[in-house]
Amino acid sequence: MASLLLGIPVGMFLALNRFPGRKLAVTLVNTGMGLPPVVVGLFISIFLWRSGPLGSLDLLYTPAAIFIAQVVIAAPIVTGLTLAAIQQINPRFQLQLTALGASHFQVLVELCRETRLPLLAGVMAGFGGVISEVGASMMVGGNLKDSTRVLTTATVLETSKGNFVVAIALSVILLFLAFAVNLALTLIQQKRQRSAWPPR
Amino acid sequence: MPGPLVELRDVEVHYSGARVLSIPRLELQEGEILTVLGPNGAGKSTLMRILALIEEPEYGEAFYRGAAVPRGPARLPIRRRFTVIFQEPLLADTTVLGNVEMGLRFRGVPRQDRRRRVQPWLERLGLSSLTRRRTSTLSGGEAQRTSLARAFVLEPEVLLLDEPFSSLDPPAREEMLLTLKEILESTGTTAVLVTHDRDEAFLLGDRVVALINGRVAQVGDPEDLRLRPASGEVARLVGFENLWSATALPLRSDVSRAEVGGRQILLPSIRQPGKDLLLGVRAEEITLLRTDAPEAERNENENRFQGNVTRVIPKGPLLWIEVDCGFPLVGFLSREELRKAPIPGERIIARFPVSCVRCLPPPWPENSRRDRLNGKQE
């Protein structure tokens, strides 16, 4: 969720504004889309390490640390897909909205509405990245029982213990979660396309 | 007389170093339809965006009812009295109804009132049966009518149209033009139509602005521009098919003459000092005759040339005929006038009254010089 709150506005900003350094920013976002979770885990661990720059916050091996790692992993994905979605809109559409009397904020809202399908794809991709991620959660969360042991890290642990029954059960839950969320999003996404069929 | 509704003063716009628009002063009167006629790249769309208050000019200011329009978010209330219809319909990906009521939604009009206000416009533009249709399934004409309804439902004080029908096929386009004219007349809306089509500009405009290279070359009523273009550039824009670069000859027995491609043309009078002239004659003012046609009496006040037909192009009920008389000349012939269309290479006589020849002041269009060179070589 936090990734959406961060990613969508940043993506829109990058898509709609021209400023020096924009190309660099877009390149960074695109690189971020393929960021290996282990690398994120490493850097966040360094930052949150007791002797690190943010060590005084005592966040390492807490749910908050996992949360931070997940945001760092998902935000670039959402940002990049938002950017791509907004950029494929005819720039004159924005002008038309303004000409119809939309305020600046109303223009942004309408643009989101117009790109809701690709934006949903961004949400799905971001969710997919987060739910499947193990490395960073393990590193910054520490896989502590009842606190920072999430489905993926638990699966890793149970598998390494040879406890396949539990591991499979966890995997099924994980798959079911992924399936349920994506099913819901897909239903929203595809609903409209059926009603627009056949295209003329 | 009340002041203008909208006025631009000293407006200048530059894009990447080049000046694309420079308007010392332009007024839009309440209730009039102003058409802006210009070739591609003349700055028409830029001018339109500035008049619509959706783009702020780099230099200069826009005035609304005599008061300067503020910059930034403060211009929103004034901006909302204006709206624009663009070349492409630019509909949002929702239903026809959703699009038509969009502007009202931006203005915070409650849903019930929106439905009530939208209804008459949906009917008037023949969209009643399409209200629930998604815009992605509309034809080009339906989409453009939706965009028209979306604009008119706002009851704008000023409606701006940026080449609104150039993407439609000719029958749909004529239909839309007449619909538009009728609506504008019945609502008394002040409108600005930007176009490169002179028929459109003359049909709809109470006044016409000729915009060339970002400058206002002439403003006047349509007849003024059509018959009395202020310069060679405007003449080309308003459809003087014949533009000849000429050299003034000394007066002989009180008659002005000039040389074009080695032939002499009689002029009404040289209004232009200097030796280099640009002469303009409209194609429809030229009478074309077969050489075997019965000889009409020779007229003192008439120019008469013989030449070879170089090209024949059918244009509706007329034939557009290009003739080489030592200089290129263009005239029309109705198909009935000749039992048989002339063929290239055939000799033909071109006649036109001296009073039809206009000496056009500079600035001249760039390629009129080339015409002269072509003429001299042949």
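Two residues are in contact here if their C-beta atoms, placed from the backbone, lie within 7 Å. The model on screen is predicted.

**Stop 1: a helix pair in chain A**

Select residues 22–33 of chain A, which form helix 2, and residues 63–87, which form helix 4. Their axes come within 8 Å and cross at roughly 125 degrees.

Now show the side chains at the contact. Helix 2 of chain A supplies A:Val26, A:Val29, A:Asn30, A:Gly32 and A:Met33.

**Stop 2: two leucines in chain B**

Move to B:Leu53, in the loop between helix 1 (44–51) and strand 4 (59–64) of chain B. Its phi is near 65 degrees, a positive value in a residue other than glycine. B:Leu53 has 23 other C-beta atoms within 10 Å, and therefore counts as buried.

Next select B:Leu90, in the loop between strand 6 (82–85) and helix 3 (96–100) of chain B. Phi is positive for B:Leu90, near 50 degrees, and this residue is not glycine. B:Leu90 is buried because it has 23 C-beta neighbours inside 10 Å, and the cut-off for buried is 20 or more.

**Stop 3: a cis peptide bond in chain B**

Finish at B:Pro362 and B:Pro363, which are joined by a cis peptide bond with omega about 0 degrees. B:Pro363 sits in the loop between strand 20 (358–359) and helix 11 (368–377) of chain B.

How values were computed:
Residues are numbered from 1 along each chain as its sequence is written. Chains are lettered from A and ligands numbered from 1 in the order in which they are written. This is a predicted model: local features need pLDDT of at least 70, side-chain atom pairs count only at pLDDT 80 or more; totals for chains, interfaces and linings use all residues. Helices (H or I, at least four residues) and strands (E, at least two) are DSSP runs, numbered from the N terminus. A residue is buried if 20 or more other C-beta atoms lie within 10 Å of its own, exposed if 12 or fewer, and partly exposed in between; C-beta atoms are placed from the backbone. Axes are lines fitted to C-alpha atoms, for helices over the stretch in contact, and angles run from 0 to 180 degrees between N-to-C directions.
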